[in-house]
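Have the sequence and the model open, try each task, then check the worked solution.

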Amino acid sequence: MSGSLRAIELFAGVGGFRIGLEESGWKVVWSNQYEPSSKTRQHASEIYRYRFEENGDTHVNRDINVLLEEMSDDPTSLPPKHDLLVGGFPCQDYSVARVLNQAAGLIGQKGVLWWSIFRLLKLLKSQDKQPRFLLLENVDRLIKSPANQRGRDFAVMLASLHVLGYRVEWRVINAADYGFPQKRRRVFIVAEMTSSDYHHDRPEETILRSGVLAEALPVAGTSEGEVDFHSFSIDGDLWEVTQQFGSGNKVSPFANSGLMCDRLVTTVRTTPTYGGLKQTLSDVLEDHSDVPENYVVPAERLDSWRYLKGAKSEARKHKRSDFTYHYTEGALPFPDPVDRPARTVLTSEIG
């Protein structure tokens, strides 16, 4: 099987998806990673190219929107034919910006990378290169944003995938619930292209037992009577979904597991039923003697670290405006307990 299944990777980062793909027998035939906020040094792309140097000529470190313009003008520059497209795209506003002429259809807000995926898939479809499968990943708040139209962004995304001919499974997954040594909640989205004569199980069966996600990541529930399924339709074109879906909702209609087929959504709250080995932080820590000195907190800075990690409730003053406000913040564990899965590092801790 190795090499017979072909995939492309968008928003590739340092290649996390690719490691899993290659271990499962997939061959990555094209990848893209570009960080627009750092045009001089593309650190993630440089690591990716170093890690997978034998395929350096298939990795593209250029703005995806520039690439899409070139692909629109010259379809021969599209990625090679593949079976699977994967990507961990940023969580942004997925609303449709405006209606164009009939030929161009609908487009989304400029710079929103979900619409880059959508546009690429449309171009691939026009050249009979559309992949059968998609595997996408995002933060779990995707299924409940934005605050004033709960669930709208995810509904727009599902409706977009329906336009392209896909049925979609999704699941919010905490990696620690399936044995990994980190608490990391993400929504995983698996889409498969279907035809008019496609036969599939009932939605409830797919979500709990026979679907791709159910087989890989088992969840609780053995019969329909034990779980509360909720079904509804996502109606209207993409512009109408943007304007109407979730209007006035205080709670998203999308639960943590679900299926969309022909715009009909079936969704339910599930719980993981993993019974295998569970790792903790101690299982992945390196021996202290092997850790470079610059990764060790100096004794003279421990008090500063304890303050930064501790709970806060204090008055602060804005430097530019001199405005005084009250700041509160919850505590983070310090040091992190090694007998539990690690928490996800906050971006504010990196700098």
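**Exercise 1.** Is Arg306 buried, partly exposed or exposed?

Keep in mind that this is a predicted model. Start with the relative accessible area of Arg306, which is 47%. Partly exposed runs between the buried limit of under 20% and the exposed limit of over 50%. So Arg306 counts as partly exposed.

**Exercise 2.** Find the salt bridge between Asp303 and Arg306, and work out how these residues are placed along their helix.

Step one: check the side chains of Asp303 and Arg306, where N and O sit 3.2 Å apart. The cut-off for a salt bridge is within 4 Å, so this pair makes it. Step two: look at helix α9 (residues 302-309), where the two are three residues apart, so about one helical turn separates them.

**Exercise 3.** Which helices does the salt bridge between Arg119 and Glu69 link?

First, the contact: the closest N and O atoms of Arg119 and Glu69 are 3.0 Å apart. Next, the places: Arg119 lies in helix α4 (residues 113-126) and Glu69 in helix α3 (residues 64-73). Finally, accessibility: Arg119 is partly exposed at 28%, and Glu69 is partly exposed at 41%.

**Exercise 4.** How many salt bridges does a search of the whole structure find?

The search gives 15. One of them joins Glu70 and Arg62, with N to O at 2.5 Å. Glu70 is partly exposed at 34%, and Arg62 is partly exposed at 34%.

Methods: Residues numbered from 1 in each chain as written. Predicted model: local features only at pLDDT ≥ 70, side-chain atom pairs only at ≥ 80, totals over all residues. Heavy atoms only, no water. Buried < 20%, exposed > 50% of the residue type's maximum accessible area, 1.4 Å probe, protein only. Helix = DSSP H or I, 4+ residues; strand = E, 2+ residues; numbered from the N terminus.
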